[in-house]
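Open the model in a viewer and keep the sequence panel beside it.

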Amino acid sequence: LLSAVVSMANYSVQVDGKPVEIVPCLQSGKPFNRGWPGYQRSADQTERAAYVSFESAGPVAVTVGLPEGAEGARPTVRPLSRDIRVAKSDRRVSFTLPGPGQYVFEPEGVRHHALQIFVNSPEKKPNWNWTREFGPGEHFPGLIMLKNGDRIYLHPKAVVHGGFGAKNVHDVKIFGTGRVVSDVFERRVTTNYWVAAATSIGSCNFAARDSSDIEICGTVFENAAMWCVA
């Protein structure tokens, strides 16, 4: 593995010749996390990664600039079933994505320090009676307990620090490609897995219990203290 590939801050990404924002995040650094008795994973089981998220109705040309020291990498784009051909010249990697979908760019040809690429269909905001909207910028609502009939909208440039919880609620829709970052919740490393599962609301990006008819469309969930979606 390339020891130089330790931070996606050293990368650059262009889509159809225009730079896009790279959002740093953490991903699992191991194929299997902490074993039974099922304690929550600790921070040393994660590694630095990143993602980009943008809209396109059709194919897009992507160019990734690699950091210094990555000249020997053999990059890969997944899923392999899409047969995405990669061209590499020095520290620049180019490829064409066929259209909307979720892709992974692996700079080393293996799963570590991946760049997730979310290609979203052009957003058409439904004409609903929104009960709550998050516009561009940072928001710190903490835990949001949902109610029957809620319609939540997250602008593509919205960053919501907190999470959503649902107990005995129905007919809820969360729409928009904004970010929900659950960095405000405690990561209880020594909590037993099954005890944590019983109290997951307030530890996840989204957790629901005894609820139905819930739809989440396009939203990015990050840095959950427990699961992203439970």
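Predicted model: local features only at pLDDT ≥ 70, side-chain atom pairs only at ≥ 80, totals over all residues.

Residues are numbered from 1 along each chain as its sequence is written, and side-chain values use heavy atoms, with hydrogens and water left out.

Colour by secondary structure next. The protein chain has one helix and 19 strands; these are DSSP runs numbered from the N terminus (helices H or I, at least four residues; strands E, at least two).

Switch to a surface view. The accessible surface of the protein chain is about 12,000 Å², and carbon and sulfur atoms hold 50% of it (Shrake-Rupley method, 1.4 Å probe). Of the 230 residues, 45% are buried (buried is under 20% relative accessible area, exposed over 50%, partly exposed in between; 1.4 Å probe, protein chains only).

Now select Arg 78 and Pro 79. The peptide bond between them is cis, with omega about 5°. Pro 79 sits in the loop that runs from β6 (76–78) to β7 (87–89).

Stay in the loop between β6 and β7 and select Asp 83. Asp 83 is not a glycine, yet its phi is positive, about 50°. Its relative accessibility is 47%, so Asp 83 counts as partly exposed.

Move on to Asp 90, in the loop between β7 and β8 (92–97). Its phi is also positive, about 55°, and Asp 90 is not a glycine either. Asp 90 counts as exposed because its relative accessibility is 62%. For background, most residues other than glycine have a negative phi, and most peptide bonds are trans.

The last stop is the second largest pocket, with about 340 Å³ of space. A pocket here is an open set of points on a 1 Å grid over the protein atoms alone, with protein on both sides within 12 Å along at least five of seven lines; lining residues have an atom within 4 Å of a point. The volume is the space filled by probe spheres set on the points, which are joined across faces, edges and corners. Select Glu 21, Ser 53, Pro 156, Lys 157 and Thr 177, the closest to the pocket centre of its 16 lining residues. β4 (46–55) and β14 (158–167) are the elements that give two or more residues to this lining, and β4 gives the most, with five.

Definitions and conventions. 1 Å grid on protein atoms, 1.4 Å probe; cavity = no way out; pocket = protein on both sides within 12 Å on 5 of 7 lines; lining within 4 Å.
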